[in-house]
Amino acid sequence: MNVADPLTLLGTWRLDRVIEDRRNDVRGTASGRLTLEPEPDGDRIRWAEECRLEWRDYSGPATRTYYLDRGPDGWQLTFDDGRLFHPWRPGETVRHDCGADDYTGTVTVDPQTRELIIVWQVTGPRKDYTSTTRLTLTRPYDRDATAEATVR
């Protein structure tokens, strides 16, 4: 698995996330799945999260869609409206400025379990939390099965 090339990550992943909010002394979790599927042009991957969120008094479904877009400087993760979230640089620290809040993140691979681990440290006047997501591949992408399902 070459995580620097997100085309090697296509498939369905189990998603387990823990959110530790230091400012409010709250711990939340999200469990579900992440699906990484190529868009028809080959230069874009849909990143779709579907999970159950347990956060404060809320317990219910949560979804989020991003895109990994290939550009002249490599891959980057964008919000579904096209705004840049961060460059895709596994093994390196990346940043995202969100108003006065600062997001500092890393994507790594656990060499023993081959899980992807995404950690965000978020600080600023409104936020102070750590989000840790563990992704475990449950079903690799099957281009032939997807094409067959589309034809039916």
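1. The chain has one helix and 10 strands, where helices (H or I, at least four residues) and strands (E, at least two) are DSSP runs numbered from the N terminus. Read from the N terminus on, the elements run β-β-β-β-β-β-β-β-β-β-α. The radius of gyration, taken over C-alpha atoms, is 16 Å, close to the 15 Å that the globule rule gives for 152 residues, so the chain is as compact as a globular protein of that length; the rule itself is 2.2 Å times the number of residues to the power 0.38.

2. On the basis of the model: this is a predicted structure, in which local features need pLDDT of at least 70 and side-chain atom pairs count only at pLDDT 80 or more, while totals for chains, interfaces and linings use all residues. Residues are numbered from 1 along each chain as its sequence is written, and side-chain values use heavy atoms, with hydrogens and water left out.

3. Along its principal axes the C-alpha trace spans about 50 × 35 × 35 Å. Of the 152 residues in the chain, 38% are buried, that is, under 20% relative accessible area, as against exposed at over 50% and partly exposed in between (1.4 Å probe, protein chains only). The chain exposes about 9,000 Å², of which carbon and sulfur atoms supply 48%; accessible areas come from the Shrake-Rupley method with a 1.4 Å probe, and for residues only the protein chains shown count as cover. Among contacts (heavy atoms within 4.5 Å) between residues at least 6 apart in sequence, 39% join residues at least 24 apart.

4. The structure holds seven aromatic pairs, a pair being rings of Phe, Tyr and Trp (its six-membered ring) with centres within 6.5 Å, and planes under 30 degrees apart counting as stacked, over 60 as edge-to-face and the rest as tilted. The rings of Tyr66 and Phe79 have centres 5.8 Å apart and planes at 45°, so this pair is tilted. Tyr66 lies in strand β4 (residues 58-71) and Phe79 in strand β5 (residues 74-79), so the pair ties together parts that are 13 residues apart in sequence. Tyr66 is buried at a relative accessible area of 12%, and Phe79 is likewise buried, at 7%.

5. For Phe85 and Trp120, the ring centres are 5.1 Å apart and the planes stand at 15°, so the pair is stacked. Phe85 belongs to strand β6 (residues 84-87) and Trp120 to strand β9 (residues 116-123), so parts that are 35 residues apart in sequence are tied together by this pair. Both Phe85 and Trp120 are buried. Ring pairs also link Trp47, Tyr66, Phe79, Phe85, Trp88, Tyr103 and Trp120 into a cluster.

6. Two arginines deserve a remark. Arg44 lies over the face of Tyr67, at 3.8 Å from the ring centre, and Arg83 lies over the face of Phe79, at 4.4 Å from the ring centre; the criterion is that NZ of Lys or CZ of Arg is within 6 Å of the ring centre and within 35 degrees of the ring normal.

7. His86 is placed in strand β6 and is buried, with a relative accessible area of 5%. Not counting residues up to four places away in sequence, His86 touches Gln76, Leu77, Val94, Arg95 and Trp120.

8. Asp110 lies in the loop between β8 (101-109) and β9, and at 18% relative accessibility Asp110 counts as buried. Its side chain makes a polar contact with the side chain of Arg134 (3.4 Å), the term denoting a pair of N or O atoms within 3.5 Å, of which, within protein, one must be able to donate a hydrogen and the other to accept it, with residues adjacent in sequence counting only if both atoms are side-chain atoms.
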